[in-house]
Each structure stands twice: as structure tokens, then as C-alpha cells.
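Reader: I have the sequence and the model open side by side. Could you take me through the charged contacts and one of the strands?

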Amino acid sequence: MGDNGDFILQMKDIDMFFPGVKALKHAKLNIKRGEIHSLMGENGAGKSTLVKVLTGVYHKTAGTVIFDGNEIEPESPLKSQQIGISTVYQEVNLCANLTVAENIYIGREPRGKFGQIDWATMNANAKKLLQEELGLDLDVGRVLDFYPVAVQQMIAIARAIDTKCKILILDEPTSSLSDRETERLFTIMRKLKSQGIAIIFISHFLEQIYTICDRITILRDGEYVGEYEVKTLERIDLISKMMGKKVDENQIESNVDKSVPLEENEIETNHMVVEGKVKDLNMYIKKGEVVGFAGLLGSGRTEIADAIFGITPISSGEIKVEGVTVKVKNPMDQMKNRIAFCPEDRKVAGIIGDLSVRENIILAMQAKDGMFKHMPMSKQRELADKYIDLLRIKVSDREQLIKNLSGGNQQKVIIARWLATKPNLLILDEPTRGIDVGTKSEIEALSVRLAKEEGMAVVFISGEMGEMVRTCSRILVIRDHEKITELNGDEISTAHIMQAIAGDYHGSN
């Protein structure tokens, strides 16, 4: 790996404990001077935690950090910045109500003879810095909020350059940029690299990693998997290492009794776009079928579901429900169109911990009917008992507080809540994450049963490929916010999904 002098940063055997969780286990990161280095792994792999240890947001439990030849103990983001480690986050962490110049020099303002801020010098310095380093000609006296996100990011980078950073960490910097803005950012990154600045680039976009990065470090479940030269690492190998699965062409992993689509489309999208989140999507889901959205975390799977359900408004294109174009302003519009959505994060968007199982189950039904059309208690009990029984939810009784149930049973309550609305389309986003194996297979079987017996259209989103293969009769593969291909029938296998994500397989589109 070369002499240690090659490295501006070495993080060795980093452990990070939170109460009850080991977030990092012997994690490593070696960054060379003047390189663009990708830190990769699925959500929850430990990327953000490792960066937060480096920048002093978290204090590691064990391990060593060597920066520029010296062992350091990062105390705080400010201290890290002072020694030359700067971070530009996806959500720009500058002050929207201050001017561009103030944001660049905040805490470092040039002062006059009597200690007052020298505004003329500060504005002149800011203008010169942006022009010379980034090729931007801006009115630095305008408040930051006046400029779009892409420009705000450039201003954050300018600030990092001016604080003489030796390492610049870019955390998902392109997620809300257009292709042109991304290309401009890459030009700046190459310029900084030529000046000897090392860049840690965190991104979900495979295409971009292979365009801009020199080397890749992969983390999985908080552990170091390895570091690789980009030019020698095949994409399919990268996907395999991130997911911890080998591509096995011959593996048979199908659930023979899959759903069979009926004739009518329940929902379709024509050229649906959500700026920065979903690219030109054409797709349909028929009644009576389970359709999977497969892709790495951050690929755009959830964003498509959010758009269909009205959580995120679409920028252009159309959504049709049962052949009729619908205007979707919010989720209530789609609930009235008999669409239901079990969200990925049940703790935040799902359960209401201090309510009972019964109250959690009737919540969506009550919202749909309107708060003034109160559901009789007898009806509430009947519904709760019906779904507790149907989904085999383990409760002492229907009045038990939901926060006292296991994760798997909480998830079943959320599914029950949406089934109670009698949907024609049920979207399940990561319905089995963090629950026991027995409950997982029950939810997989339930998805197929709802499609086969009730004629329901079901969208099943999961990062576990085996689960998708067992459950879905058709799979849309999503990468970098667009549909890459579709897999049908015998094409559906873990190997084919992984190859499609890597860009090496093109099904029957």
C-alpha cells in the first residue's frame, strides 16, 4: 500500500459504540494526498458514523486516527476544521440569512484598526476567491438564500478551500444537482485534487463514482470490507461486496406460487419526473400482482413510492389510477383513490407509540373518513380484532400500547392500519426490515395472498434480494433515480437483479 507518507489520513481499527449498538467494528480508511476517494456502503453501513468520528461529532470508542503524520483525537467539528478537515453536507450547513461573503468568512472576518468588520475587504476577498478558485461571478453582498442549492454548495466549498483544508469531505453533494451542475462540481474537484487536496466523496451514484474517483473503501454493517482501485473493480464486484452476496447464476430461489396479474392496470405513470429524485418514469402495476422495486438504498425506490402516494409532488408527467389521470396534491388524494402506503421508517412515519393497538389500526381509516365522521367504538373493536386475528399480531389485548410490542408486531399493526382502508394498491416499503425471520416470511406470504385472493396490486420494496425474488412476480430495477430494466418470470433471480444494478443485465424492458 506504499509508505505511510503517501497518506494524509489513516483511520485504523475504529470502534464506535452507542448504547446497545456497535456502529463501527475495526473500521479503516486510508486516504492518499491529492486523491478523490469514495466511501461506499449501503445505508447503515457506517459511512456517516466514520465521517462523524473523523470530524469530531462523535468520539470513538477505540482505534487510531493519524492525520498529516500526527495522531489526532478530533474533539469537535470546529477543531477538525482548524487542522484542515472540512465537510460539505448534502443539506448545506451555512446561514441562509447572511450574505455570501459573511458565510465564507464567518468567525474569520477581516477587522479594521478598531476591531470593526472590514466589509469592503471581506467582500473583495470573497469575490476574488469565488472567481479564481471556482470560476463563479456572484454578488457576494446578497443573502445566501437568494442562490440555488448548487451555488450554495460551491460557496460552502469556497469556504473550505479558504480555511486551507487538506481533506474535503463531500457528503452526497450531487443528490439535488442537475447533470450540468454535477459536471461543474467535478471540474472543481479535479482542480482541488491537482492542488494536492484529498477529497472523500460519498455518493449513491455508481456512474459518478466511476467517473470521478481514484479509489474506493467499502464498509458493510460497520466493518471494513476493503479498499480498491476504481479502474480494477468491476461494478458487479462492487455491488456484491456492498451487499455481502456473491453472484450465483445457478441459485434457484423462487416461491413457486406467485401472484398472477389481472388484465386492468391499477396504476401507471407516464414520463413522471420529480426534480432531483425520479427521472422520466414509465411504469404500470396491474391488479392482482406483486411488483418489486429493486435497487441499492438511495437509488430512488422510496422516492418513486413517495411520488405515487402524493408525499412528494411530481414536477411533470402524469399518474393514472384505473386508467384515469389523477391530480395528486397530497396523500389524502391517493387515500381517496384507495392507495395505501406503509412507510420505510415505522418509528418516525408509522406508529404512534402512546396509542393502543386499536387506535393505531383505525388511524388511516378515520383520517380518510374525516375527523367529524367518528367511527363507533363497536366498529373500531371489530376492525382491530379482525386484523389482529388475520395478521396474527401478538398482543395481550387490543388496548395494549403499541410501543410495548416487538418490532415485527408493530410492523404488522401498520400493515393492518392500511388494510383496514380496503386499498386497491398497497405499497410496502421495507416491510420486513429489523424483524424476525418468522414474521418476515408471514409478511412475504401475506403480500402474495392479498394479490392472488383479493386482486390487490402490491408494491414490495426491499433491500433483501432473496425476499424480492420469493415475493414478486415482476421486478423494476432502479439505479441513480431511474428505471433501468424490468425482470419477469424466470429472469427473476438475485444474480440478475445485482447484474442489472451494476449495468450488466438488461431484461425484457
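Reader: Which side chain meets Glu75 in a salt bridge?

Author: This is a predicted model, and side-chain atom pairs count only at pLDDT 80 or more. A salt bridge needs a side-chain nitrogen of Lys or Arg within 4 Å of a carboxyl oxygen of Asp or Glu. For Glu75 the N to O distance is 3.4 Å, and the partner is Lys79.

Reader: Is Lys79 buried or partly exposed?

Author: Buried means under 20% relative accessible area and exposed means over 50%, with partly exposed in between. Lys79 has a relative accessible area of 41%, so Lys79 is partly exposed.

Reader: How many salt bridges does the structure hold?

Author: The pair of Glu75 and Lys79 meets the criterion, and Lys60 and Glu73 also meet in a salt bridge, at 2.9 Å from N to O. The count for the structure is 25.

Reader: How many residues apart in sequence are the parts that Lys60 and Glu73 tie together?

Author: Their side chains meet in a salt bridge. Lys60 lies in the loop between helix H1 and strand E4, while Glu73 lies in the loop between strand E5 and helix H2. The pair therefore ties together parts whose separation in sequence is 13 residues.

Reader: Does Lys60 count as buried or exposed?

Author: The cut-off for buried is under 20% relative accessible area. Lys60 has 15% relative accessibility, so Lys60 counts as buried.

Reader: With which residue does Lys287 form a salt bridge?

Author: The closest N and O atoms are 2.7 Å apart. Lys287 sits in the loop between strands E12 and E13, and its partner sits in strand E11, 21 residues apart. Both residues are buried. The partner is Glu266.

Reader: Which residues are linked with Glu289 in a network of salt bridges?

Author: Here the salt bridges form a network. Linked with Glu289 are Arg474, Lys483 and Glu486.

Reader: Which residues gather with Lys379 in a patch of positive charge?

Author: Lys379 is in helix H13, residues 377-390. Patch members need over 30% relative accessible area and no salt bridge; Lys379, at 35%, counts as partly exposed. Gathered with Lys379 on the surface are Arg338, Lys386 and Lys422.

Reader: In strand E17, which residue is the bridge partner of Phe341?

Author: Phe341 belongs to strand E16, where Ile339 and Phe341 point one way and Ala340 and Cys342 the other way, and all are buried. E16 pairs with E17 (residues 425-429) in the parallel sense over 4 bridges. The partner of Phe341 is Ile427.

Definitions and conventions: Residues numbered from 1 in each chain as written. Predicted model: local features only at pLDDT ≥ 70, side-chain atom pairs only at ≥ 80, totals over all residues. Heavy atoms only, no water. Buried < 20%, exposed > 50% of the residue type's maximum accessible area, 1.4 Å probe, protein only. Helix = DSSP H or I, 4+ residues; strand = E, 2+ residues; numbered from the N terminus. Pairing = 2+ DSSP bridges. Patch = residues over 30% accessible without salt bridge, like charges linked within 9 Å, V, L, I, M, F, W, Y side chains within 5 Å. Areas by Shrake-Rupley, 256 points an atom, 1.4 Å probe, with all protein chains shown as cover. Lys, Arg positive; Asp, Glu negative; His and termini not counted. Charge placed at Lys NZ, Arg CZ, Asp CG, Glu CD.
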